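This report is written for a reader who is meeting the structure for the first time. Please look over the sequence and the model below before reading on.

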Amino acid sequence: MEKVIESIRANFKSVNTGRAISTMLDQIEVEYQGTIVKLKTIAQISVKKINSLIVDPYLIEKAIMNSSYLCFTLNNDRQVLFVEIPQLTFDIRKELSKLVAKYAQDGKVGIRNIRRMQLKAYDKHQKTKNISEDNVKDLSSDLQKMTDEYMMKIVIVQKQKDELLTLNPKFHFPMNSLK
C-alpha cells in the first residue's frame with residue numbers, strides 16, 4: 001500500500017502547477033536505441049528559473065512536443081533544451097485537476113485490490129485450518145483500518161496537489177519576485 005502512495009506522489013510530480021520542477025518530465029518516454037526509456041534516464045533535467053527547465057537533450061525535443069497534456073513551449077539552441085512553463089489558464093487547471101483525480105482514483109483502486117487479495121489469502125488460510133475464524137475477523141478488521149488509513153493518505157496528497165492547481169495566492173509567485 002505504501003508503494004501505491006509513492007506511485008501516486010510520483011505521478012503528481014509530473015502534473016504542471018505553473019512552476020518549474022525537474023520531476024515534471026519524469027513521465028515522458030523517449031525511444032532510445034530501439035527501446036522506450038524514461039526521459040530522466042537519458043537526460044539531465046534542471047530548473048533554470050521558476051518558469052523554465054533546462055534539459056540536456058539527446059532525442060528529447062520530439063517526445064516533449066508529443067506529450068499533449070503538458071502544453072509546453074520549446075526553444076532549442078542545439079546545446080540544451082529550454083522548456084518554458086506557461087501560466088496556467090483556468091481551463092488547463094481544470095484539465096490538470098481531472099488528471100490528478102484520475103491518478104488518485106487509480107491509487108484507490110490499487111489499494112482496494114491489495115485488500116481484496118489479502119482477504120482471499122485470509123480465507124484460504126482459514127479453509128486450510130492455518131488460522132481460526134476469529135483470527136480472520138481480527139485480521140480483516142485490521143486490514144480494513146489500514147485500507148482506510150491509506151485511502152485517507154491518497155485523499156490528502158490529492159488535496160495538496162489540487163491546492164497547487166487552484167488560484168490560491170499563497171502558491172502564486174510573481175516572476176519578478178524571484179530574481
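Which residue in strand 2 is the bridge partner of Tyr-32?

## Basis of the model

This is a predicted model, in which local features need pLDDT of at least 70 and side-chain atom pairs count only at pLDDT 80 or more, while totals for chains, interfaces and linings use all residues. Residues are numbered from 1 along each chain as its sequence is written, and side-chain values use heavy atoms, with hydrogens and water left out.

## The strand pair

The bridge partner of Tyr-32 is Thr-35 in strand 2. Strand 1 (residues 29-32) pairs with strand 2 (residues 35-38) in the antiparallel sense, over four bridges; two strands are said to pair if DSSP finds at least two bridges between them. Helices (H or I, at least four residues) and strands (E, at least two) are DSSP runs, numbered from the N terminus.

The hairpin formed by strand 1 and strand 2 has two residues between the strands, and Gln-33 takes a positive phi near 50° there. A salt bridge also joins Lys-38 to Glu-29, with the closest N and O atoms 3.8 Å apart. In this pair, Lys-38 is partly exposed at a relative accessible area of 28%, and Glu-29 is partly exposed as well, at 47%; buried means under 20% relative accessible area, exposed over 50%, and partly exposed in between (1.4 Å probe, protein chains only).

## Salt bridges in the helices

The structure holds five salt bridges, each being a side-chain nitrogen of Lys or Arg within 4 Å of a carboxyl oxygen of Asp or Glu. One of them links the side chains of Asp-106 and Lys-102, at 2.9 Å from N to O. Both residues lie in helix 4 (residues 90-127), where Asp-106 and Lys-102 are four residues apart, about one turn of the helix. Asp-106 is partly exposed, with a relative accessible area of 42%, and Lys-102 is partly exposed at 45%.

Another salt bridge connects Lys-137 with Glu-133, the closest N and O atoms being 3.8 Å apart. These two residues are four residues apart in helix 5 (residues 133-165), so about one helical turn separates Lys-137 from Glu-133. Lys-137 is exposed, with a relative accessible area of 52%, whereas Glu-133 is partly exposed at 46%.

## A buried lysine

Lys-108 has its place in helix 4 and counts as buried, at 19% relative accessibility. Leaving aside neighbours within four places in sequence, Lys-108 is in contact (heavy atoms within 4.5 Å) with Met-151, Ile-154 and Val-155.
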